[in-house]
Amino acid sequence: MHGDHVLYLGDNRWGRSDNHLYSRSWREHGDARKLAEPLLQSVPIVSGNLAFAVTDGEREVWSISLVSGKSRKLLELPEKAMSVRLALSPGGQRLAIGAAVMGRGQLTILDLGSGKQLRQWQGIAIEVALLSSSMPTLECNWADQEHIVTSETLGLSLIHI
């Protein structure tokens, strides 16, 4: 829900390739409005009038204006990225992007105003036990505007930006 609208991803089943982000009023009858061109896998964050999305196949991270429908690519992810996680800083100016890349973690911090990459860590240990059926994942969240907390299967760490 976003105000008077329901946000949803189109249906990608049966090869329809319609997993765009749509908005439809729940108060009035009418057609859905497509908000972004990229085909999306998930929209993990909606904050204010912006949505942050991961494209199909976890290839890119995009921001999407829920008012104008304009979208912009924030980051192209490595070819083998998976289990992408996003976290918006408390002030809303930074975005943390965690991903598993060939069994290791990659954490990227972006400034949303400029789109500039502020920092990136690669090769973070996130291996899971050999007998585990879980996929390696680098979870990330903000402790405050300057500190990001990551958790992985090997423990917990605090990273200062």
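These legends accompany close-up views of a predicted model.

**Figure 1**
The predicted protein has 14 strands and zero helices. Along the sequence, the pattern reads β-β-β-β-β-β-β-β-β-β-β-β-β-β. The chain counts 161 residues, and 40% of them are buried. The protein exposes about 9000 Å². Carbon and sulfur atoms supply 51% of that area. Among contacts with a separation of 6 or more, 33% are between residues 24 or more positions apart.

**Figure 1. The open sheet E1-E2-E3.**
Three strands make up this open sheet, in the order E1-E2-E3. Their pairing is antiparallel. E1 and E3 are the edge strands, and each pairs on one side only. Two bridges connect E2 with E3, again in the antiparallel sense. Which residue of E3 is the bridge partner of Ser23? The partner is Arg33.

**Figure 2. A nonpolar surface patch around Trp26.**
Met1, Val6 and Trp26 form a nonpolar patch on the surface. Together the three residues have about 330 Å² of accessible area. Trp26 sits in the loop between strand E2 (21-25) and strand E3 (33-34). Its relative accessibility is 45%, so Trp26 counts as partly exposed. The cut-off matters here: exposed means over 50% relative accessible area.

**Figure 3. The salt bridge between Asp4 and Arg27.**
Side chains of opposite charge can pair when their charged atoms come close. Asp4 and Arg27 form a salt bridge, with the closest N and O atoms 2.8 Å apart. Why does the pair tie together parts that are 23 residues apart in sequence? Asp4 belongs to the segment before strand E1 (5-9), whereas Arg27 belongs to the loop between E2 and E3. The two partners fall into separate accessibility classes: Asp4 is partly exposed at 35%, and Arg27 is exposed at 56%. In total, the structure holds six salt bridges.

**Figure 4. The open sheet E4-E5-E6-E7.**
Four strands form this open sheet, in the order E4-E5-E6-E7. The pairing is antiparallel. Strand E4 (40-47) and strand E7 (71-76) stand at the edges. Each has a single partner strand, so one side of each is left without a neighbour in the sheet. On average, neighbouring strands of this sheet are turned by 25 degrees against each other, direction ignored. How many bridges join E4 to strand E5 (residues 50-55)? Five bridges do, and the two strands run antiparallel. In E5, Thr55 is the bridge partner of Leu40.

**Figure 5. The salt bridge between Arg85 and Glu139.**
Arg85 and Glu139 form a salt bridge. Their closest N and O atoms are 3.1 Å apart. The pair links distant parts of the chain. Arg85 lies in strand E8 (residues 81-88) and Glu139 in strand E12 (residues 139-142). The two residues are 54 residues apart.

**Figure 6. A salt-bridge network of Glu60, Lys73 and Glu76.**
Salt bridges with shared partners join Glu60, Lys73 and Glu76 into one network. One of the links runs between Glu76 and Lys73, whose closest N and O atoms are 3.3 Å apart. Lys73 has a relative accessible area of 40% and is therefore partly exposed.

Gln106 is part of strand E10 (residues 104-111). Is this residue buried or exposed? Gln106 has a relative accessible area of 9%, so it is buried. The cut-off for buried is under 20%. Which residues are in contact with Gln106, leaving aside its neighbours within four places in sequence? The contacts include Pro78, Ile97, Gly98, Ala99 and Val101. Gln120, Trp121, Gln122 and Leu138 are also in contact with Gln106.

Notes:
Residues numbered from 1 in each chain as written. Predicted model: local features only at pLDDT ≥ 70, side-chain atom pairs only at ≥ 80, totals over all residues. Heavy atoms only, no water. Patch = residues over 30% accessible without salt bridge, like charges linked within 9 Å, V, L, I, M, F, W, Y side chains within 5 Å. Areas by Shrake-Rupley, 256 points an atom, 1.4 Å probe, with all protein chains shown as cover. Salt bridge = Lys/Arg side-chain N within 4 Å of Asp/Glu carboxyl O. Buried < 20%, exposed > 50% of the residue type's maximum accessible area, 1.4 Å probe, protein only. Pairing = 2+ DSSP bridges. Axes fitted to C-alpha atoms, helices over the stretch in contact; angles between N-to-C directions. Contact = heavy atoms within 4.5 Å.
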